[in-house]
Amino acid sequence: MTARVAAPLPPATTIGPVGWLRKNLFSSPSNSVVTVVMAILLAWIVVNLGAWVVVQADWTVIVSRVPLYIVGLYPYEAYWRLTICLLLISVLLGMTWRAWPDTARRFSYGFGAIMLFVGVFPHEMAPVHRALLLLNLPAIGLGYMLTPRAGESGPGLLEAIAGGALSSMLDRAAVRLATAWCSVVRALLPSLYGVAFRLATAWCRAVAALSRMLDRVAIPLATALRRPARALAPALDRAAIFSTPRRMLTAVVVALVVTMILILGIDGVPGLDPVAPQDVGGLLINLLLAFFGIVCSLPIGIGLALGRRSSLPVVKVACVIFIEVIRGVPLITLLFMSRHILPLTLPEDLNVDRVYLAGITITLFSSAYMAENVRGGMAAVHPGQAEAASALGLRGWQTTLLINLPQGLRNIIPAIVGQFISLFKDTSLVYFIGMLDLVEMGRVSVQGNQEFIDNGREVYLFIALVFWVFCFSMSFISRRIEGNLGVGRR
Amino acid sequence: MTRLLYVQGVPIWRNVVALRWAVQVVSAVVVLSTIALFLLNVAREIEARDIPFGFSFLGRAAQIPIGEAVIPYDPSDSYLYGLIVAGINTIRASVLGVILATAIGILVGVARLSPNWLLSRIALFYIEVFRNIPLIVQLLFWLTIVLTLPKVAEGYVVADTVYINNSGIYLPWFEAQNGFWPWALITAIGAALAVYAFRRLSRREIETGQPSYPLLAATVIAVGLSLVALLILGPLAIDIPQIEGRFGRLQGGAQLSGSFMALLVGLVVYTSAFIAEIVRAGIQSVGKGQTEAARSVGLSGMLTLRHVTFPQALRVIIPPLISQFLNLTKNSSLAAAIGYPDLVSVANTMTQIAPAISLFMIVMVSYLSMSLLYSLIGNLYNRMIRFKGA
Amino acid sequence: MGRLRKYLRPGLIVVALALAIAAIAACGEEEQEATTVVNRLAAVKERGTLICASRNDVPGYGSLDAAGRNVGFDIDLCRAVATAVLGDPEAIQINYITAAERGPTIQSGEVDLLVRTVTWTTSRDAQWGNYVHTTFYDGQGFMVPRNLGVSSALELGGAAVCVTSGTTTELNMADFFRQNNLEYNPQVFEDTDVVLEAYQEGQCDVFTNDRSQLAALRSALPNPQDHVILPETISEEPLGPVVPHGDEQWFDIVKTVVSGLIYAEAYGITSANYAQMAGGDNVKAKRLLGTEGSFGQETLGLSETFMQDVLGAVGNYGEIYDRNLGPGGIDLPREGGRNALWANAPCTDCPKGGQIYAPPLR
Amino acid sequence: MAETKGFQSAVDIPAEKAEILARPLEERDDIVVCENVHKWFGDFCAVRDVSMRVKRGEVVVIFGPSGSGKSTFIRMINRLEEHQQGSIVIDGIEMTNDVRNLDAIRREVGMVFQQFNLFPHITVLGNITLAPQRVRHMPRGEAEALAMQLLERVGIPEQAQKYPAELSGGQQQRVAIARALAMQPQIMLFDEPTSALDPEMIKEVLDAMRELAATGMTMLCVTHEMGFAREVADRMAFFDEGALVELGPPDQIFNDPQEDRTKMFLDQIL
């Protein structure tokens, strides 16, 4: 066998940062022009926006009433119930982290960071609430602990919750920074002279030193934490109680029911005084309406989709009309009609709170879209499946329920997340029927207070940011799911 | 040879046909009675609670002001006319919105696929920012931005005819004079001729391979004929906006009000983010092999785009695009929040003195007919492409 | 065109449904069910909260403070009724409604009380509910920047006028300009803050609204003296609480509470001195406070001393006014205006010239 | 040349080129000249230091294990991939970043892909006439006549009005060959033209290629059809790990490979 020659190195201008720049930003004259123009535009926007945010804007209108934006008029005495709900969510997040490490890890980091920030940030907050918020970090760890490992073990539990992950992150960042910079320097070597060259190498060395310093802290910390974690691992595995998908699902359902009870309260139970649905507001009501809209619309949507596929003409026509009418008109007209027509269809002495009216409307609205999703998902199931089922002797409805529907639902998981996003955005329209959601709370803060009447821009920017964080995370998850399921590309 | 398991004949409760009929009838009864119950209940309550209802109000004077109208409107006009004026406003916003959103969506979608990293990242940023913020928040934000434009007196003036300020954009517009109809006729004939010439010349180009410049010829015919007629007949006077009165308001010309601009910008930015994603997915759905093949037979970048990539991407793009158009039209109802008198906004104002339920039924039926129109277009398109092979 | 028909069918059926509803509504006169009379007092007591329809976006009348508490003149009236009926000023639930929703909300009876800067008109009184008592006299006016040099509303021809949508304000403005043959360019917005910003930025020259709100908003502007409120009042806007039709007892209860508030001011009974007055020697005060005689409380189903609770919770009319609309709030002048008391009781001969007046307590 | 009647009848060859083709192979000019060509994907070296000269009218079969850079190499010849070092000259035109050079080279070089890459939205006829009409501005009648002639050569004139999806794989690949020929290229590149086909369809495609080779077309074929190579190729090139390991006439490659790697590979596949 001939000795293999080592592969030649690619030309310096095609690899490393310089090669990257050339390939991605300056591959042709027109491309370079585009790059420069875009860079100038970007810089202009960033500078102006940054200046406004830091210098001109007056954020008192936000800072002075953060709780109002988040939970509306929810009574202060009952805040602890909400923080407990948050803890439950943290546990669920921890469970997800274990079961689906890649994506949920980022969310755990993000969520933990937000909790840490809010919990430590110097503003007016009772110590007990701070403690409850900070408790979310171990709660994530608890969820993680109670779930079995999915195959290969990820970062150890203690490592994860007590800074191991952080240190390794720091470590990785420093190394990346150092290598990136050094490769720039190496690539530029021929064209750098004198001072510039010395400056560059000095900087390169400094970054490397910094990275070593970080290593000196991070590595011992990580190893110190890794050992007890590893020792504990078998015990922890034994403690894993959510060991089957069914148990995990049960945990999720139980957590949601408990969340609902905690949020709305029960009459007659001390400490759980009912909270008027009206008082649940801010971001909380957007999330609740969107979440329950999706969950409740799923069965209705499935029913409508099956009805639309049905061979019974009356059922089919009724479903088609319902779906098309709802999809054909704007949500605000539906909300308006719900305010005026829905109460008329209910018994006279049943005075339904408008929160529930909004919930019903949003659910019906969402179910029409859900029906179309489900129908699309079922249509994508290969017809051979149904034929095979018939050949096995299953009846029509059995085929639908046991074969087509489950496969169809699996197909539409990303679509459901997408619908959740758009429904979440649409809940901002409930201001139209006088509910104090996040957007309405912003309007009210500006309008109802003379000192803030000029601060609309700050408020809308803040609200936009909050919505964006949620929607973007959702669409991120959705893309991940799509990747994991391999659906979406057929 | 047949063998029946039960020779006595099929009992009715096992007869497939009878069963099917029974299920049909039962379901019909259930569905219809539910609907009837619902309607009767509503009707009875309307009656019992004296909730105003009916459509006789439509002929009466509306009494409400409408801020901007494409066709002349006065508060003494009827409700029906007021609603039509508002409906035209909705159509105006949605048609302009659809055109602009499509154009920008295509640009951003193509930029998203650009080999230039920065451009593609900026496009991604645009998409992810604007589609993840509720439209209502964006509208309120754009309105405050429009309001920060300078006042009329200090606003931007282009060539003494176009005014841009926080009241909106004012453009010179035309006023029909005597010779308008003859001129319109000649222009129409010119357009028809241009179309004919375009087809004729493009066919010639294909048949003979001679460059025949069909687009140029068609433009020259249409514009030339129209211009000549314009000079001879003088059918149009140009109405230039002018600052008038003690308040220094602009009069005349065509106005795009501040609210309208905010609405348009909001709708366009929001929808174009979705359209960009659709366009990107559509273009990516055309395999890399297609472009390579086109390149290898010598087609240039533009020709590849026009004859290979785009026709194929379009089949994937059009159906979701139409549903985005519908969304845009429905979303224009949020105009109510920023003071543009669209259908919902005007109907909402009218509810003070006219029956709310009737008004909103009219509004819903109007939107429904628009959405039916869209789905009709979508279905026609689907039929059209189905003829052309796989 | 089978496809076409398929897609038109839903539309046709919707139209058919609409027609069916219309038909049913048109010929629904044959059977008139006796509407069950709701005893609202019992219902409120059983529920434990009083539901008021109000607003949260106008300083002085109804807004949210930084702690998320509903405050304002209208809210205080709601609290007064809640105290009278339930003994607790916090036993209220405020349903926020838009201007356009006021009619349907009170018609359907889903709220016990509508206190949302709602102008008393005859048709509303007939169609919506019963107007209890005028608690504030307002009128529509115009605000313009001083540097425009406008001194009368009749000079407003050609102006761009900013207005909030969905209220009588919009209609009055249309009437006024039509009546006087003036050209104008209406700029209609849903939100007051947007209107104010549009006005400040010069998108419109004139801001029309109820004068009280104009005054309040003017004081929120950076340089209030740079803006003038024109002398013309183009409409009469008596504001007051409304109760649903069909329950006279409830109507009377609310009327009595409002009268009691005004009466208390007229007789100098305040939140500070009511306890003392209850034991004092002023017969009229003692009657109001339930320590001597009666003025019909028990027939209305209220406690003998309900006014003591009310005064303790929210104070008298004057205190409510001062806290929200007067010096403690948006600082609307009261003395010498229509919202002053008619007279300082019991001296009917020394009128103060206002129109706020309560019937005698007997 | 007697055997050139096939495809040549559809493609006019300038007199001086026909004259060159009449000479024996060794005396013809080089139509493809590659010198020290390199190509990297990131840090991975896909083609390393390949130098190869191809005579006008020569048929070169390129083979080697998958991932050995052979596809990348022929894709560089019409710039579907950009080479990063070395030089490529096609029929006297240097491949640079100049758009005019590139357009000229693309017109010189036709390509047939493994996955056919026919345009699914236009008919077979449209696929073939698209480029002649749009790029060469050939009148429609002429372009269609040419297309029909080419379709007849590849044996499927009756399929002209169909859409690609209605054809079998072998037929599609033959359409793809016809499409490439319609631009009257000097060089044809084949990138594993038969590996996506069923066995009975391979033959019809190879037959078309054989006939094309017989017309004196310069061909570079990436293929593992060794029978075809033995019969048609003038030279064979073995690629491994991005490098051109061995280049020689089929006899030498099959019977007396100079390199161990070539021998090992041939042992595996034969």
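A polar contact is a pair of N or O atoms within 3.5 Å; within protein, one of the two must be able to donate a hydrogen and the other to accept it, and residues adjacent in sequence count only if both atoms are side-chain atoms. The model is predicted, so to speak of local features requires a pLDDT of at least 70 and side-chain atom pairs count only at pLDDT 80 or more, while totals for chains, interfaces and linings use all residues. Residues are numbered from 1 along each chain as its sequence is written, chains are lettered from A and ligands numbered from 1 in the order in which they are written, and side-chain values use heavy atoms, with hydrogens and water left out.

**View 1. Chain B meets chain D.** Here 25 residues from chain B touch 27 residues from chain D (contact means heavy atoms within 4.5 Å). Together the two chains bury about 2400 Å², with 58% of it on carbon and sulfur atoms; buried area is the accessible area (1.4 Å probe) that two parts lose on being put together, summed over both. Look for Ile206(B), Ser296(B) and Val297(B), which supply 24% of the area that chain B buries against chain D, more than any other three residues.

**View 2. Polar links between chain B and chain D.** Across this interface there are 6 residue pairs in polar contact, both residues at pLDDT 80 or more. Helix H5 (180–208), helix H8 (288–296) and H9 of chain B each give two or more residues to the side that touches chain D; helices (H or I, at least four residues) and strands (E, at least two) are DSSP runs, numbered from the N terminus. H8(B) gives the most, with 8 residues. By class, this side of chain B has 9 nonpolar, 9 polar and 7 charged residues, where Ala, Val, Leu, Ile, Met, Phe, Trp, Tyr, Cys and Pro count as nonpolar, Asp, Glu, Lys and Arg as charged, and the others, Gly among them, as polar. The interface also has 1 salt bridge (a side-chain nitrogen of Lys or Arg within 4 Å of a carboxyl oxygen of Asp or Glu). Glu292(B) and Arg75(D) form a salt bridge, their closest N and O atoms being 2.4 Å apart.

**View 3. Helix H9 of chain B crosses helix H5 of chain D.** The axes of H9(B), residues 301–331, and H5(D), residues 124–136, come within 12 Å and cross at roughly 145°; axes are lines fitted to C-alpha atoms, for helices over the stretch in contact, and angles run from 0 to 180 degrees between N-to-C directions. From H9(B), Leu303(B), Arg306(B), His307(B) and Val308(B) meet Leu130(D), Arg134(D) and Val135(D) in H5(D). This contact has 4 nonpolar, 1 polar and 2 charged residues.

**View 4. Chain A meets chain B.** In this view, 52 residues of chain A are in contact with 50 residues of chain B. The pair buries about 4500 Å², 75% of it on carbon and sulfur atoms. Leu344(A), Lys425(A) and Arg457(A) supply 14% of the area that chain A buries against chain B, more than any other three residues.

**View 5. A salt bridge between chain A and chain B.** Arg479(A) and Glu128(B) join their side chains in a salt bridge (3.1 Å, N to O).

**View 6. A salt bridge within chain A.** Arg308(A) pairs with Glu324(A), with the closest N and O atoms 3.2 Å apart.
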